[in-house]
Amino acid sequence: MKIIIRGFDANSISIQFEGGFSTSMLNAVRAVPGRTYNPQRKIWMIPCEQKSLDLLLENIYQIGDFNIEEKREEWYFPQKNPAENKNETEPLKHPSDSQKFQELQKLKEILIAKHYSPRTIENYLYWTKSFLRSQKNQSLNEEEQINSFLTGLAVKQNLSAPTQNQALAALLFFFRFVRNQDPENFKNIIHAKNKRRIPCVLSKEEVRTVISRLEGSKRLATEILYGTGMRLNELLTLRILDMDFDRKEITIRCGKGGKDRRVMLPESLVSKLKEHIADVKLLHEKDLSEGWGKVLLPPGISKRSPESAKEFRWQWLFPQKNRWKNEKTGEEGRHHIDESILQKAVKKAVLEAGITKNASCHTFRHSFATHLLENGYDIRTVQELLGHSDVRTTMIYTHVLSKGAREVISPLDGIMGD
């Protein structure tokens, strides 16, 4: 197998597989935010940004068993012959400094041992790797190096305060658990002040208008987003077994922070969901009849019960339209739909509705919480449904409980109204 990475245009980098690909390799590309697939050229594209490229390469490195040969215009990653691997546990040779790479490997192992979520592991590795690469002035102490790195994020890259603080959290974790230094000794670390932002919220009529412009599974998916308040990736990773029609509940597994929770199953969606699941079952039966039908299982289940991969209950609620195919092995299967498909559909519907708000898929989550509070539900109930660990996170929606600017009559209206 060979992966070719090259510049596509001013805004995109293309990734092409030659000789087939594995599921782990496909997931390495899928893990890059903003990636899209071009079915005509059969290539993946990621944003032409250093962060996206670094994340892609890091994901590929973690798969292992690759020789890396760098070209002037392309990067090739020819896969080794497994028979040549004398020691499968030997760490991957990395083109950068070996000591720093060993520290990154140790960091990843500690994060996994502490059961941090895959997204957190991905972000912590990225920021730590960026920090290690930025260490040019060795005369500075650790605290000065951290502050210099964080200042560069704010001044040179113009990153937001939450992003800067996420990078700081990653570095403090790195120094504490990898380099065994107490973060309490860093007295003058720069902490960015987070700005309070009011979330974008659609009115009930605007929600109805946007949803009415969607069709098929995209409409159903958007209705679930608004009807339950779940996040986009929580929706996409739903499986058939997560639907409980008797209790009118949906189970969200491994949400943000690796937490499970239950949300209501809207009564108005019961019949639509049953019809949709019936269609998914027909699609799954077709895959089985053609010799396929396996789905990616959670790590624990795949080890204990690998045969469950063909069971209908483990299939994605929103599977891909077309099966992916490994041209080398001939293996075929289905992943859940890509997030970009629903994001583009919602964006198009918002524009067609003439709505000027900066609305996205996540806006339906904000609207869900706001409308529940407007309907009189207490904030603790909303907190539980959203999966927030701290009620202060949920309190951002309490702006709807006060009169606010919309209920105050402007003095201009008092003198000009007549």
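## Basis of the model

Because the model is predicted, local features are reported at pLDDT of at least 70 and side-chain atom pairs at pLDDT 80 or more, while totals for chains, interfaces and linings use all residues. Residues are numbered from 1 along each chain as its sequence is written, and side-chain values rest on heavy atoms, with hydrogens and water left out.

## The cavity

One cavity of 30 Å³ or more is counted, where a cavity is a set of points on a 1 Å grid over the protein atoms alone at which a 1.4 Å probe fits but cannot get out, and lining residues have an atom within 4 Å of a point. The largest cavity holds about 100 Å³ of space, the volume being that filled by probe spheres set on grid points joined across faces, edges and corners. Its lining has 13 residues, of which His284, Asp287, Gln315, Pro319 and Arg334 are the closest to the centre.

Helix α10 (residues 270-289) gives the most to this lining, with four residues; helices (H or I, at least four residues) and strands (E, at least two) are DSSP runs numbered from the N terminus. By residue class, the lining divides into five nonpolar, four polar and four charged residues, with Ala, Val, Leu, Ile, Met, Phe, Trp, Tyr, Cys and Pro counted as nonpolar, Asp, Glu, Lys and Arg as charged, and the others, Gly among them, as polar.

The structure holds 19 salt bridges, each defined as a side-chain nitrogen of Lys or Arg within 4 Å of a carboxyl oxygen of Asp or Glu. One of them joins Arg30 and Asp338, whose closest N and O atoms are 3.5 Å apart. Arg30 lies in helix α1 (residues 23-30) and Asp338 in the loop between β11 (332-333) and α12 (339-352), so this pair ties together parts that are 308 residues apart in sequence. Arg30 is buried at 11% relative accessibility and Asp338 is buried at 9%, where buried means under 20% relative accessible area, exposed over 50% and partly exposed in between (1.4 Å probe, protein chains only).

Glu249 and Arg262 also meet in a salt bridge (3.5 Å, N to O), which links strand β8 (residues 249-252) with strand β9 (residues 261-264). Glu249 is buried at 18%, whereas Arg262 is exposed at 54%.

## A salt-bridge network

Lys286, Asp287, Glu290, Arg323, Glu332 and Arg334 are linked in a network of salt bridges. Within this group, the side chains of Glu332 and Arg323 meet at 2.6 Å, N to O; Glu332 is buried at 16%, and Arg323 is partly exposed at 22%.

Technical notes. 1 Å grid on protein atoms, 1.4 Å probe; cavity = no way out; pocket = protein on both sides within 12 Å on 5 of 7 lines; lining within 4 Å.
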